[in-house]
Amino acid sequence: MASDATKIREAIIDRLKDQDWLPVTGFRRVARPQLQEDEIPALLVVIADELETPEDEPNCGEPRFMNEVTIGISYCVGYAPPEELDEQLDAATSGIRKRLLQDPTFVRGIDPAKAEDDPDRYPLFEAVTKVRRGRLYPQDGASYFGEGRIEMTFQFRTNYEPDLDDVLEHVVITARPAGAGPGTPPIGLTIDIPTT
């Protein structure tokens with residue numbers, strides 16, 4: 001089963017592929033050391049970082065965390081004067097942010113039209129906590145290469161329920177009133193716990 005971070009990355013990819021305003025020849029989910037000339041313009045969408053911090057008191061109850069996942073989006077263009085590359089990168093990175101943050105299917109709340117057991121009913125994340133944008137021009141010379149970078153940080157919760165071999169189905173309570181003698185019959189109570 002895919003992690004929550006991977007689901008967010010794949011949702012970003014689904015929304016950015018096949019966009020006529022974002023021409024892409026090469027597309028990657030995993031960083032590789034070098035792009036070839038025939039792969040530019042290229043889009044890279046990777047899980048850059050993931051941090052889990054305790055939601056409540058650490059080590060109390062089942063582990064529950066606030067997750068922050070940073071997804072890195074890189075758009076690479078090349079073989080044009082720096083001013084032209086700058087315009088292309090600005091248009092692409094602005095378009096990527098708008099496409100993602102203005103898409104209600106991406107930044108949605110709970111969809112009450114879907115069944116409670118349908119995973120599509122619930123959002124992929126609770127909040128976008130940070131968006132960072134930058135540019136990089138790693139080469140000098142006769143032909144230039146430019147990279148527009150966007151880092152988006154998403155927040156959601158994770159809990160790790162105990163892995164139990166046995167399911168608690170009943171609680172049986174037996175008690176006697178305080179100060180009752182040994183001949184006093186006990187009071188019995190059985191509580192059935194729903195397991196579904």
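In which element is the place of Thr-158? Thr-158 sits in strand 5. Helices (H or I, at least four residues) and strands (E, at least two) are DSSP runs, numbered from the N terminus. The model is predicted, so local features need pLDDT of at least 70 and side-chain atom pairs count only at pLDDT 80 or more, while totals for chains, interfaces and linings use all residues. Residues are numbered from 1 along each chain as its sequence is written, and side-chain values use heavy atoms, with hydrogens and water left out.

Thr-158 counts as buried because its relative accessibility is 14%. Buried means under 20% relative accessible area, exposed means over 50%, and partly exposed lies in between (1.4 Å probe, protein chains only). The side chains of Thr-158 and Asn-67 are joined by a polar contact of 2.9 Å. A polar contact is a pair of N or O atoms within 3.5 Å; within protein, one must be able to donate a hydrogen and the other to accept it, and residues adjacent in sequence count only if both atoms are side-chain atoms. Leaving aside neighbours within four places in sequence, Thr-158 is in contact (heavy atoms within 4.5 Å) with Asp-4, Glu-52, Pro-63, Arg-64, Phe-65 and Asn-67.

Strand 5 spans residues 145-159 and also holds Glu-147. Glu-147 is buried because its relative accessibility is 12%. Its side chain makes a polar contact of 3.2 Å with the side chain of Arg-149. Not counting residues up to four places away in sequence, Glu-147 touches Ser-74, Tyr-75, Cys-76, Leu-89, Gly-134, Arg-135 and Leu-136.

The largest nonpolar core has 26 residues. Such a core is a set of buried Ala, Val, Leu, Ile, Met, Phe, Trp, Tyr and Cys residues joined through side-chain atoms within 4.5 Å. Ile-12, Leu-43, Ile-71, Ile-73, Ile-96 and Phe-154 touch the most other members. At least two residues of this core come from each of helix 1 (4-16), strand 2 (42-54), strand 3 (64-78), helix 2 (82-101) and strand 5. Helix 1 gives the most, with 6 residues.

Ile-71 lies in strand 3. Ile-71 is buried because its relative accessible area is 0%. Beyond four places in sequence, Ile-71 touches residues including Ala-5, Ile-8, Ile-12, Val-45, Ile-150 and Phe-154. Ile-71 and Ala-5 are 66 residues apart in sequence but 8.2 Å apart in space, C-alpha to C-alpha. Under the sequence limit of four places, Ile-96 touches Leu-16, Trp-21, Leu-22, Leu-43, Ile-73 and Ile-150.

The largest pocket holds about 430 Å³ of space. On a 1 Å grid over the protein atoms alone, a pocket is an open set of points where a 1.4 Å probe fits, with protein on both sides within 12 Å along at least five of seven lines; lining residues have an atom within 4 Å of a point. Grid points are joined across faces, edges and corners, and a volume is the space filled by probe spheres set on the points. Of the 18 lining residues, Lys-7, Pro-119, Tyr-122, Pro-123 and Leu-124 are the closest to the pocket's centre. Helix 1 and strand 5 are the elements that give two or more residues to the lining. Helix 1 gives the most, with 6 residues.

Ile-173 is found in strand 6 (residues 170-175). Ile-173 is partly exposed because its relative accessibility is 37%. Ile-173 and Phe-154 are 19 residues apart in sequence and 46 Å apart in space, C-alpha to C-alpha.
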